[in-house]
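I opened the model to look up its cavities, its core and its helix packing. My entries follow in the order I made them.

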Amino acid sequence: MQTKLLTLAFIEIALAIVVSVLILFISFKILQRVFFKNISLREDNIAFSIFTAGIIISIGVILAEIIPSITNIIRLSMSNGDEISFGKIAQYSGLYLFIGFAFAVTINTSVFLLFSVLTKGVNEFKDIQQNNISTAIVVTATLLSITLIAKDSISLLISALIPYPETSNFLL
């Protein structure tokens with residue numbers, strides 16, 4: 001049995017669960033406090049639930065692109081040739097998560113701005129607060145579309161920041 005691989009798998013599973021739950025919880029609380037102070041999931045507001053579900057899926061898609069990069073850092077630290085300390089792993093992981101969170105906020109904000117520009121005279125926040133399901137579905141679909149389009153670019157950016165060991169180019 002491959003003990004290193006098994007250990008890495010358990011670390012990745014634990015990391016994915018803990019980080020995902022923490023980031024999604026923080027994101028939900030920020031969304032609720034900033035935009036929807038008087039609405040909760042317990043109320044009978046399906047539009048808010050649809051909108052919240054879209055944001056959670058959007059953040060989940062972005063996190064799904066970041067977790068493998070954190071795992072690559074852990075793999076590099078476990079390899080024999082390159083020693084990366086726990087502090088460095090924490091630094092890179094924090095940087096990756098910060099970048100992912102910043103992009104999630106940027107994507108969500110840009111969707112609101114884009115939708116506001118495209119639909120003059122419609123207040124999306126007010127519509128969602130008033131349980132306008134059609135507005136929630138269109139805003140959520142736009143959010144998910146932009147997230148799906150941007151996720152590969154975010155993944156590429158994060159991958160470029162992984163401190164892979166230097167290799168020589170034997171072809172030169």
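I looked for cavities in this predicted model and found one of 30 Å³ or more. A cavity here is a set of points on a 1 Å grid over the protein atoms alone where a 1.4 Å probe fits but cannot get out. Points are joined across faces, edges and corners, and the volume is the space filled by probe spheres set on them. The largest cavity came to about 40 Å³.

I listed its lining, meaning residues with an atom within 4 Å of a point. Ile23, Ile59, Ile62, Leu63, Leu97, Gly100, Phe101 and Ala104 line the largest cavity. H2 and helix H3 (86–118) each give two or more residues to this lining. H3 has the largest share, four residues. I sorted the lining by class: seven nonpolar, one polar and no charged residues. Nonpolar covers Ala, Val, Leu, Ile, Met, Phe, Trp, Tyr, Cys and Pro; charged covers Asp, Glu, Lys and Arg; the others, Gly among them, are polar.

Next I noted the ground rules. Residues are numbered from 1 along each chain as its sequence is written, and side-chain values use heavy atoms, with hydrogens and water left out. Local features need pLDDT of at least 70, side-chain atom pairs count only at pLDDT 80 or more, and totals for chains, interfaces and linings use all residues.

I then checked the fold. The chain has five helices and zero strands, in the order α-α-α-α-α from the N terminus. Helices (H or I, at least four residues) and strands (E, at least two) are DSSP runs, numbered from the N terminus. Of the 172 residues, 33% are buried (under 20% relative accessible area; exposed is over 50%, partly exposed in between; 1.4 Å probe, protein chains only).

Which residues touch the most other members of the largest nonpolar core? Phe51, Ile66 and Tyr96 do, in a core of 34 residues. Helix H1 (3–34), H2, H3 and H5 each give two or more residues to this core. H2 gives the most, 13 residues. Such a core is a set of buried Ala, Val, Leu, Ile, Met, Phe, Trp, Tyr and Cys residues joined through side-chain atoms within 4.5 Å.

H2 (residues 46–78) and H5 (residues 133–160) pack at about 10°, axes 9 Å apart. That makes H2 roughly parallel to H5 (under 35 degrees; over 145 is roughly antiparallel, 65 to 115 roughly perpendicular, the rest oblique). Axes are lines fitted to C-alpha atoms, for helices over the stretch in contact, and angles run from 0 to 180 degrees between N-to-C directions. Their contact holds 18 nonpolar, seven polar and three charged residues.

Note on methods. 1 Å grid on protein atoms, 1.4 Å probe; cavity = no way out; pocket = protein on both sides within 12 Å on 5 of 7 lines; lining within 4 Å.
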